[in-house]
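Please work through each one before reading its solution.

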Amino acid sequence: MSALLDVRDLSVRFVTEDGPVQAVSDVSFQLEEKQVLALVGESGCGKSVTAMSILGLLPTSADPSGSVSFDGHNMLGMSSGQMQQIRGKEISMVFQEPMTSLNPVFRVGRQVGEVLRRHEGMSRDAAAKRVVELFELVGIPAPARRVKEYPHQLSGGMRQRVMIAMAVACNPKILIADEPTTALDVTIQAGILDVMRDLRDQLGTAVLLITHDLGVVADIAERVVVMYAGRKVEEADAGELFAHPQHPYTMGLLGAIPRVGSMRGESRLQEIPGLVPSLSAPPDHCVFAPRCPRADDRTRSELPALTEERPDHFVACFYPGERGGAK
Amino acid sequence: MTTAEIALTPGARRRARLRRRFLKRPPAVFGLVFSVLMVVVALLAPVLAPFDPAQQDFAATLQQPGGAHLLGTDELGRDVLSRIIFGARASIQVGVLATLLAIVVAVPLGLIAGYYRGWWDPIIMRFTDVLLSFPFLILAVGLAAILGPSLMNATLALGISQIPQVIRVMRGEVLGLREEDYVAAAVADGATDRVILGRYILPNALSPLLVQATVAIPIAIIGESLLSFLGLGVQPPTPSWGVMLAGAQSYITQGPWLALFPGLAIFLTTMSFNLLGDGLRDVLDPKMTLV
C-alpha cells in the first residue's frame, strides 16, 4: 500500500541576514491512512519547519528541496491556487496557540462555517447547522450557544477544540497538529488528545502530531519519528521505541521525563547537556556528537546512515542500543 | 452580573461595555454631542436658520450681537447666525467627504503595501513620503490652486492631501496584523488573499482607522476654512466659515464679532471632533478591554 503522505529527502534552507541556516536535512517519512505519526524533538530541531513545508506555509526566505507527495502530487511544486484547494480541505493544520489563532472580530461559529462555505460551497444556513454538529463532535458543551460566542469568551481548551473543529470541518485526509496541547494545562491536554483520537477513529483522519512531549506521544502516537538538528535520528513504532530506544538522544529524552517516585534520594532527573546546534550547511558528521556521551573521533568526522537496527526500527547512530552497539 | 446582562448576546454585551467606558469620559461625550449637533445643524440648515443667509438688509448693517440678529449682522446686513448655520454645511461636507475620499483611496494601498510587501511596499511608501514631505496645508493649497476654486475641488484637494497619513496608519496596522496567528491559521485553512485581507485584516484594523477618521475630519474642516479664506474654496456669496473670516478682515475694528463667531464655530467643531477621536481611541484600545 502506498503511503498517504510521502516525504522524501526533505531539506529546508533559510537565507537569513546572518547567513544560511539548514533547518531540515534529508528527512523522509511516510504517513499511512488513519495513522497517528508523531514528530518528536526539542525546540529548534526542525519539526515545525517540516510540517509547514508540507502545506507550503514557509516564509519566502525558505528554500525547500526534496519531495512531499500527497495523493501522487508533489506539494513542493504546487501553485498557490492548487495549494489553497488542499489547505483546509485535504490537509489541515492546528496550531500551538489557541489563544491567538482565532479571528477576534467574528463569532467562532461563523469562522468555522467559513471554511465549509469556502471548500464545500455550503450555504450559510447549511454551514451553520454543520458547525453545531462539529462542535458536538469535538466535545464542546452547549454547542448551539457556543457558536454565537466570540473567541475572547472561550477558554484556551475550548478555543483549541474550535480550532480542531475548523480543521476537520471538511473531513481532511490528514490533520497536522503542531504542538496542539503545549499551551494548555494537563487535564485539558488529555481532553484534546481524546478528541483527536476520536476523530481518527470516527472520520479516519490521519494525524501528523508535532510535539516535544513524550507523554503525549505515548498517549496517542502509533509511529514515532525522532528529529534532532534537522535530521531524522530514529524511527519506530511507539511501543518499540519506548521499550528499546536505540539512539542516545532518544534515551536522553526518555531519561528527562520526570517519574513519580524517581525523585527521591540520589537519583536526579537526567538532562541532556548543551543545546540543539543551529546549522549553516548540511552536516558532514553526526549532529548529536557534541552532546553525546558515546561520541568519538568517528562520530565527529562521519555522518551515520539510517540503519534498521531492529525489525522496523531505524536509527542513525554508530553506537546504537542500550550498550552502545557492541558490533 | 445581573441576569439581564447574562441574557444579552455577546456582541450586545461588548457594545454595552464600550458604551459605559465611553460615557465615563466627559470630554469625549462633549465631543460626540457637539459633533453630532454640528452635523444636524448642517443637515437642517434651512429649517434652523432664522434668516435667509444671502438676504441683504442695508437698513441694518454691522448690527451688534443681540436683538433681532442674535449674533449681529455683517457689512451687507446679512444675519451672522444664519450664515454660520449654512456655513456648517460647507465645512461638514468637506470634512466628511475629503476624509471618505482619503480612506477609500488609502485603505487598499495600505493593505497592499503592508500585506504583500515585495516591491509594492517601497513604491507605495516612497509615493506617500513624497506627499508627506510637503506640509499638509501647502499641499492642499497647491492642489486647490491647480484644480481651480470650488467646493468640489477643495474637497478633492483636502482628500488627496490626507491620503498619505491614512496609508501610513493602515500599512503600520497591517504589518502587525499579518503576523497574527489567526492569519497564519486562515492561510493554513486555504483562505485566499482576498478573504484574508477582507475578513481577517481589514476588520481588525477598523478601530485605528475610525480614530484616524475622527482626526482627519477636523483637519479637513480647518483646511476648508483656509482654502475658502484664500478664495480657493467656497465662493462668495455662498456662506462658509472661511469666507466669513476673509470678509471680516476689513471690518475687524467696527465689527469684531464678524471674525469672532465663525472663528469660534471652527474652533468648537474641530475640537469636538478631536475630543471624540481621543475618546474613541481610549475606548477601542485593545489593551484596555478589561477595564
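The model is predicted.

**Exercise 1.** Determine whether Asp26(A) is buried, partly exposed or exposed.

*Solution.* Step one is the neighbour count: Asp26(A) has 17 C-beta neighbours inside 10 Å. Step two is the cut-off: a buried residue needs 20 or more other C-beta atoms within 10 Å, and an exposed one has 12 or fewer. Asp26(A) therefore counts as partly exposed. Step three places the residue, which lies in strand S2 (residues 19-31) of chain A. Its backbone shows a positive phi of about 50°, although Asp26(A) is not a glycine.

**Exercise 2.** Locate Ala142(A) in chain A and assign its exposure class.

*Solution.* First, Ala142(A) is found in the loop that joins helix H4 (124-137) and helix H5 (143-146) of chain A. Next, its phi is positive, about 50°, and the residue is not a glycine. Finally, because 10 other C-beta atoms lie within 10 Å, Ala142(A) is exposed.

**Exercise 3.** Describe the side of chain B that touches chain A, by elements and by residue class.

*Solution.* Begin with the extent of the contact: 16 residues of chain B are in contact with 25 residues of chain A. Then identify the elements that give two or more residues to this side of chain B, namely helix H9 (181-188) and helix H10 (193-204) of chain B. H9(B) gives the most, with six residues. Lastly, sort the side of chain B that touches chain A by class: nine residues are nonpolar, four are polar and three are charged.

Key: Residues numbered from 1 in each chain as written. Chains lettered and ligands numbered in written order. Predicted model: local features only at pLDDT ≥ 70, side-chain atom pairs only at ≥ 80, totals over all residues. Contact = placed C-beta atoms within 7 Å. Helix = DSSP H or I, 4+ residues; strand = E, 2+ residues; numbered from the N terminus. Nonpolar A, V, L, I, M, F, W, Y, C, P; charged D, E, K, R; others polar.
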